[in-house]
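Open the model in your viewer and follow along. Each stop says what to select and what is there.

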Amino acid sequence: MSTATTPIEHAAPPESGPRALLHRLRHGDEVAHVVTLTFAALILLITTLLVFELWIRSAPTRGKFGFSFFWTGVWDPIGGDFGAIPFIYGTLVTSILALLIAVPLGLAAAIFLAELAPRRMSDTIAFLIDLLAAVPSVIYGLLGIFVVVPLMRTTIGPALKKTLGFLPIFQGPNYGVGFLTASIVLTIMVVPFIISVSREVLLTVPREQREAALGLGATRWEATWKVVVPWARTGIMGSIFLALARALGETMAVTMVIGNDPKIRESLFAPGYTIAAVIANEFNEATSDLHRSALIELGLVLFLITFILNGLARLLIVATERGGGHS
Amino acid sequence: MNRVRLIWRKSLNVVMLTLTGVAAFGVVAVLFLILGYFIWNGGTSLNLDFFLKLPRPEGEVGGGVANAIVGSLKLLFLAAIIGLPIGLLAGVYLAEFGGKTFSFVVRYTTDLLNGVPSIVIGMFAYSLAVVPVKHYSALAGGAALGLMVVPITVRATEEFLRAIPTSLREGAMALGASKWRTIATVVVPAASGGIITGMLLALARVAGETAPLIFTALGNQYWSPGWNQPISALPLVVYNYAISPYDDWHRQAWAAGLVLLTLVLLANIGCRFVINRKGVRSV
């Protein structure tokens, strides 16, 4: 330590040794450090414990069925036979269908907010869209039951049958509840996430990119679609993963409109079932330990999928906001 | 040939840009449709009985959801005392003490915890707080909600603490305050408005959660004295009444939904207003 250049440090306590530790203890710095560190570590502990509990409590089905749990389709709580395929199918179909509608819609809205709308208007609309994201899922479920289901039965369903009825996915009886209804409700629920994340990502695209494209004679739309959006594409992918994770894990709204029937059917009008919905419906009335274990294993699967998707989404969004996705 | 192409490009420009506007306003319209629908359907069902009376037996007309309103408040209280301290202190660690790798891991885990489906959180709380005592309870429900409060509080706390200028910290330290004193008496109070707002947002989010409560708090047709019995909550009432076959319960589901929606939206509007005024990115 050079005493000539930093005379103030003379007044400070020694930097090492037991006396220094005592000094710092007296002033509470180390204590505060350790206490807050403990709470930060507690978050890691809780997450680990979560995985551990799900793993341990799903042991009966993991032991009995092994991986065949994931490719058999029988769900018979009374006979003690469990296969997850119908639920995995229902979860994937509803989520992917929801994204097929939500991604173009959300991206378009995000483009409008980031590229066209004046800043004030953009902020106001983004604020309203954030509110939409805050609406509890049971509220969407209620609207699903009493608004979307009747609409599906009387208007949307018949219209689709009339125009696209030659496709097998739009054939068969239409009860109002089913894959398509669940997807519509999910669309409304995930669109706000796509919009608000994509908008933020689009806003980080440097102004020069737009100006260069416009200067070369591109129209506003061409500048947006061929320059700005590709620049931000990694972040937009991130927002889509985020939305997908949310759609896969969504419980209440889907449970209320999916129809709750563990069958694989190709018609989108048919009732189905999702992982989250079967857990919500059957966990309390689980007839046996094996039944409960099967539901917990489904929960574990759901957890792992969303865990991976969220992780990927975070990485992509961080990557774009740091340096642009121009790769 | 070139002219045709130019016209095509220009009309594509107009059409696509119009469509983006339609999409944006369409999504916003959904919010107002939802609000309007709930006010129309729920508003007519709101009366004094709804707030002051217990539910009537199945199928009978009348009664209210007083127990669910109190239940929601009790659950939120539990969630707050379980989740907020963990979130606050972990947030302080990340903003003030954190090293590099460990902080990154904590931050990442927090984000992932935030994305865990709420039904899985419910299962976790079930196996921690219901299985050992063999009955459903307000405590288990509160624990599930408390767990969901943690990640939002952590990120809000960290973000608002980071927004406090370094000069403030240096000023306090130059006056001889130790690090934790600086944090406890200068930095955290300076950020307190934002932190409290973040906490309220976290509570507003879990106030509307149903999935984690189904097999922890379970629901209850009567008052739930103490903390150790099954307890009702507004979202549970909305869910149970909506899937019931009785018209009068449907009516009350709309009313309960309206109350829930109003509270959640008001909390969000208020909080975001405060956050925006402070000029910090919303959480």
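Select A:Gly238. Is this residue buried or exposed? A:Gly238 counts as buried, because 26 C-beta neighbours lie inside 10 Å. The cut-offs: a residue is buried if 20 or more other C-beta atoms lie within 10 Å of its own, exposed if 12 or fewer, and partly exposed in between, with C-beta atoms placed from the backbone.

This is a predicted model, in which local features need pLDDT of at least 70, side-chain atom pairs count only at pLDDT 80 or more, and totals for chains, interfaces and linings use all residues. Residues are numbered from 1 along each chain as its sequence is written, while chains are lettered from A and ligands numbered from 1 in the order in which they are written.

**Around A:Gly238**

Colour helix α10 (residues 233–249) of chain A; A:Gly238 is found there. Helices here are DSSP runs (H or I, at least four residues), strands are runs of E (at least two), and both are numbered from the N terminus. Now show the contacts of A:Gly238. Leaving out residues up to four places away in sequence, A:Gly238 touches A:Val197, A:Ala313, A:Leu316, A:Ile317 and A:Thr320. Contact means that the C-beta atoms of two residues, placed from the backbone, lie within 7 Å. Then pick A:Thr274. A:Thr274 is 36 residues from A:Gly238 in sequence and 24 Å from it in space, C-alpha to C-alpha.

**Chain A as a whole**

Zoom out to chain A. Chain A has 13 helices and two strands. Its radius of gyration is 26 Å, well over the 20 Å that the globule rule gives for 327 residues, so chain A is more spread out than a compact globule. That radius is taken over C-alpha atoms, and the rule is 2.2 Å times the number of residues to the power 0.38. The C-alpha atoms fill a box of roughly 90 × 65 × 35 Å along the principal axes. Of the 327 residues of chain A, 48% count as buried.

Colour the two domains next. The assignment gives domain 1 (7–57) and domain 2 (73–323); such bounds come from an automatic or database domain assignment. Their C-alpha centres lie 41 Å apart.

**The core**

Which residues have the most contacts inside the largest nonpolar core? Select A:Val185, A:Ile194, A:Val257, B:Val238 and B:Ala256; this core has 193 residues. Helix α4 (residues 85–116) of chain A gives the most to it, with 17 residues. Domain 1 and domain 2 of chain A both give residues to this core, so it lies between them. A nonpolar core is a set of buried Ala, Val, Leu, Ile, Met, Phe, Trp, Tyr and Cys residues joined through C-beta atoms within 7 Å.

Stay on B:Val238. Beyond four places in sequence, B:Val238 touches A:Val138, A:Leu142, B:Ala253, B:Ala256, B:Gly257 and B:Leu260.

**Where the chains meet**

Show both chains. The contact takes 69 residues from chain A and 68 residues from chain B. On the side of chain A, helix α2 (residues 29–57) gives the largest share, 17 residues.

**Chain B**

Finish on chain B. There are eleven helices and zero strands in chain B. Its radius of gyration is 24 Å, while a compact globule of 283 residues would be near 19 Å. Of those 283 residues, 51% count as buried. For the complex, the predictor gives an ipTM of 0.92 and a pTM of 0.90.
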